Amino acid sequence: MEGAEVELEKRSLFLKSLIQKKKCIEQQEQHDHLHKNNVRVRASDMPLSLQNLAFRCARHHLDSMPSNKLDSKRLALALKKEFDSSYGPAWHCIVGTSFGSYVTHSVGGFLYFSIDKVYILLFKTAVEPLDR
């Protein structure tokens, strides 16, 4: 039985090393993608898949705007609508080149990032039904 346990341990360590390598590659790809699109994550409590959606959506809308003509309300509305429709209501978005904030958010629903010189705060709050 000892031989089988040793072999099982070797295989387990090998699989762990493969998983770790895959994670490192994914992190490097994420970093390269962010750098290429001039995205910088300032703070986040959000899964990578949701972050990537926010980055793509923001980049798409920024690219569709005339040069040097930021429409922060339009960008905020687009991100809010995208996340409300994909992940349920109560998403909020603040966009600008300079703003302060202090918000409470749902776990896993906070992202503060910049693209070029535009700063974007995207967060989700809990929705509770009104008692009647």
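Where do Glu 7 and Arg 11 lie, and how many residues apart are they?

A: This is a predicted model. Glu 7 and Arg 11 are both in helix α1 (residues 2-36), four residues apart, which is about one turn of the helix. The two side chains form a salt bridge, with the closest N and O atoms 3.0 Å apart. Glu 7 is partly exposed at 36% relative accessible area, and Arg 11 is exposed at 53%.

This pair is one of four salt bridges that the structure holds. Another is found in helix α3 (residues 72-87), where Asp 84 and Lys 80 are four residues apart, about one helical turn. The closest N and O atoms of Asp 84 and Lys 80 are 2.6 Å apart. Asp 84 has a relative accessible area of 23% and is partly exposed; Lys 80, at 29%, also counts as partly exposed.

Arg 59 has a relative accessible area of 16%, so it counts as buried, the cut-off being under 20%. Asp 63, by contrast, is exposed at 54% relative accessibility, because exposed means over 50%.

Methods
Residues are numbered from 1 along each chain as its sequence is written. This is a predicted model: local features need pLDDT of at least 70, side-chain atom pairs count only at pLDDT 80 or more; totals for chains, interfaces and linings use all residues. Side-chain values use heavy atoms; hydrogens and water are left out. Helices (H or I, at least four residues) and strands (E, at least two) are DSSP runs, numbered from the N terminus. Buried means under 20% relative accessible area, exposed over 50%, partly exposed in between (1.4 Å probe, protein chains only).
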